[in-house]
Amino acid sequence: MSCYGVNYDALHQIHIDCARRQRLTGKDVCVAILDTGIGPHMDFGWEKGRVRAFYDSVNGKKLPYDDNSHGSHIAGIIGSSGRNPKGEIIGVAPECSYVIVKVLDSRGNGKVAHVIEGLRWVRENRKKYRIQIVNISVGTPATKKEDESSELVKEVEKTWESGIVVIVAAGNNGPNRKSITVPGISRKVITVGASDDEYFARKQDGKIHYSGRGPTVACVKKPDIVAPGANIYSCTPFRTGYVTKSGTSMSTPIVTGAVALLLQKYPYLTNNEVKQWLWESTDDLGMPWEKQGYGQLNLRKLLQ
């Protein structure tokens with residue numbers, strides 16, 4: 001079993017096994033995660049120095065922490081090493097490195113200014129830590145104030161233009177059209193929706209089909225692709241333990257982990273080439289474009 005969780009089917013297991021046969025683990029690929037932080041879980045490879053750096057734009061603390069759990073869950077999906085006693089919860093890229101940027105508070109909320117500060121820090125330190133991918137499972141509803149001309153969208157696009165692969169959640173405001181959240185509305189970044197959102201009812205309102213749908217207000221086709229997001233089992237912010245969460249926040253790091261494997265195999269790829277490879281290696285689920293984009297991530301196709 002992998003960190004894909006209870007809806008992780010045999011087909012996806014074949015895909016992961018394919019990566020293992022090629023000895024692809026994300027080694028030497030660095031992923032920056034903008035979220036609630038990271039905890040001292042044994043699966044994050046602290047003793048091996050996998051967490052290269054930590055920056056806190058919320059509280060200004062120097063040492064890594066996660067006072068919510070969302071960020072640790074994301075980190076586990078991307079790169080849990082499976083050091084737990086049963087060795088079951090293994091991330092997509094279990095030997096990748098992390099740069100952790102805390103932009104959300106203990107409630108999982110954040111200010112746009114904190115995200116922007118985090119993005120700027122990533123760009124300033126990109127070469128120092130060899131950051132190749134940024135995972136942003138964070139979003140705010142698109143409004144007249146927060147649209148393609150907003151500062152947040154401009155900052156993620158500057159990050160993309162610096163050469164980093166930026167992967168962003170589509171948000172959980174579906175199923176209506178034009179419900180992709182900011183900064184996922186950016187036409188440059190890779191926006192990820194959930195392929196299985198019919199399996200999860202949010203506690204707040206019992207809503208299903210929550211994955212953000214395109215097009216954007218500016219009629220940009222989104223999302224780019226989809227991945228599983230329902231009942232994903234991953235790390236807590238403690239030394240041991242796992243928890244189940246659902247949403248496009250969970251779909252996004254699955255794609256991030258896959259890109260880490262791709263960049264380990266083909267380190268010369270540009271971010272635009274990575275996006276094109278993702279588009280061309282999906283499975284058509286027969287859903288409308290505004291729901292699935294190009295289709296569901298197929299790791300086996302991506303790594304061929």
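Is N125 buried or exposed? At 13% relative accessibility, N125 counts as buried, where buried means under 20% relative accessible area, exposed over 50% and partly exposed in between (1.4 Å probe, protein chains only). Before going further, please note that this is a predicted model, in which local features need pLDDT of at least 70, side-chain atom pairs count only at pLDDT 80 or more, and totals for chains, interfaces and linings use all residues. Residues are numbered from 1 along each chain as its sequence is written, and side-chain values use heavy atoms, with hydrogens and water left out.

N125 sits in the loop between α3 (112-124) and α4 (126-129); helices (H or I, at least four residues) and strands (E, at least two) are DSSP runs, numbered from the N terminus. Its C-alpha atom is 9.7 Å from that of A53, a residue 72 positions away along the chain.

Let us turn to the salt bridges. The structure holds eleven of them, each one a side-chain nitrogen of Lys or Arg within 4 Å of a carboxyl oxygen of Asp or Glu. R120 and E155 form one, at 3.0 Å from N to O. Because R120 lies in helix α3 and E155 in helix α5 (residues 151-161), this pair ties together parts that are 35 residues apart in sequence. E155 also meets R123, at 2.8 Å from N to O, and this pair again links α5 with α3, across 32 residues. E155 is buried at 2% relative accessibility, whereas R120 is partly exposed at 35% and R123 is partly exposed at 22%. R120, R123 and E155 belong to a network of salt bridges that also includes E151 and K158.

Another salt bridge joins E161 and K188, at 2.3 Å from N to O. E161 lies in α5 and K188 in the loop between β5 (165-169) and β6 (190-194), so parts 27 residues apart in sequence are tied together. K188 is partly exposed, with 28% relative accessibility.

Further along comes helix α6 (residues 248-265). Its 18 residues reach 26 Å from first C-alpha to last, close to the 26 Å expected, a span taken as 1.5 Å times one less than the number of residues. α6 is mostly covered, with 16 of its 18 residues buried.

Finally, consider the side chains around an open space. The lining of the second largest pocket has eight charged, five polar and one nonpolar residue. Among its 14 lining residues, K27, K48, R50, P94 and E95 lie nearest the centre. A pocket here, on a 1 Å grid over the protein atoms alone, is an open set of points where a 1.4 Å probe fits, with protein on both sides within 12 Å along at least five of seven lines, and lining residues have an atom within 4 Å of a point. Asp, Glu, Lys and Arg count as charged, Ala, Val, Leu, Ile, Met, Phe, Trp, Tyr, Cys and Pro as nonpolar, and the others, Gly among them, as polar.
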